[in-house]
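These are my notebook entries on a structure that I had not looked at before. I wrote down what I looked up, entry by entry.

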Amino acid sequence: MKEALEARIKDDKEFAKSQRWKYDDNAWKHSWEGAQLSELYKKWGAPTRSFADGDGGQVAVYENVSVYSGGSYTPGYIETAINGFGQTVITDQKNAKDTRWTKVYVRETTVYTNRNGLITKVDEHYK
């Protein structure tokens, strides 16, 4: 049992090491530095917007919008009954219940290039 546990720990450690680059924020950003902007376009497609930086370079901005929502809506209602005189009377009233919510996250990735079209910096932030 001890050997099996040690083997599992070793395997898990190696797997975690091989996957760590996915979670290192700076690794993927730096991996694009020095590449041509046209290579990025081939991988990511057209940017949301792009413009000249005033120094012969280019700035390309990619926006990724994520929308999350949940909750529910239950309409209100009135319960009625007919009394002994044939009249309709209100016996109970339930208010509407609205627990709906929405969150919008925008991840903006900005790519800077020099006058030769080489990527010099990749920046990312959330709005």
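Is Tyr-105 buried, partly exposed or exposed? I began with this residue, keeping in mind that the model is a predicted one. I found that Tyr-105 has a relative accessible area of 41%, so I noted it as partly exposed, the range for that word running between 20% and 50%. Tyr-105 belongs to strand E7, and together with Tyr-68, Trp-101 and Tyr-126 it makes a nonpolar surface patch of about 500 Å².

**Entry on the sheet.** I next looked up how the strands are arranged, and I found an open sheet of four strands, ordered E1-E2-E7-E8 and paired in the antiparallel sense. E1 and E8 (119–126) are at the edges with a single partner strand each, so one side of each has no neighbour in the sheet. From one strand to the next, the twist averages 15 degrees. As a reminder to myself, I wrote that the strands of a sheet pair through backbone hydrogen bonds, in either a parallel or an antiparallel way.

Ala-46 and Tyr-62 are 16 residues apart in sequence, and I noted a C-alpha to C-alpha distance of 8.2 Å between them.

Which residues does Thr-109 contact, leaving aside its neighbours within four places in sequence? Thr-109 is a residue of E7, and its relative accessibility of 4% makes it buried. The contacts that I listed for Thr-109 include Trp-28, Trp-44, Ala-60, Val-61 and Tyr-62, as well as Val-122, Asp-123 and Glu-124.

**Entry on charges.** I recalled that side chains of opposite charge can pair when their charged atoms come close. A search of the whole structure gave nine salt bridges. One of the pairs I examined is Glu-108 with Lys-127, at 3.2 Å from N to O. This pair joins distant parts of the chain, with Glu-108 in E7 and Lys-127 in the segment after E8, 19 residues apart. Glu-108 is buried at 7% relative accessibility, whereas Lys-127 is exposed at 54%. Both residues also belong to a network of salt bridges that links them with Arg-49 and Glu-63.

Asp-98 and Arg-100 meet at 2.8 Å, N to O, with Asp-98 partly exposed at 45% and Arg-100 exposed at 53%. In the salt bridge of Lys-94 with Asp-92, the closest N and O atoms are 3.5 Å apart, and I noted Lys-94 as partly exposed at 37% and Asp-92 as partly exposed at 29%.

Technical notes
Residues numbered from 1 in each chain as written. Predicted model: local features only at pLDDT ≥ 70, side-chain atom pairs only at ≥ 80, totals over all residues. Heavy atoms only, no water. Patch = residues over 30% accessible without salt bridge, like charges linked within 9 Å, V, L, I, M, F, W, Y side chains within 5 Å. Areas by Shrake-Rupley, 256 points an atom, 1.4 Å probe, with all protein chains shown as cover. Salt bridge = Lys/Arg side-chain N within 4 Å of Asp/Glu carboxyl O. Helix = DSSP H or I, 4+ residues; strand = E, 2+ residues; numbered from the N terminus. Buried < 20%, exposed > 50% of the residue type's maximum accessible area, 1.4 Å probe, protein only. Pairing = 2+ DSSP bridges. Axes fitted to C-alpha atoms, helices over the stretch in contact; angles between N-to-C directions. Contact = heavy atoms within 4.5 Å.
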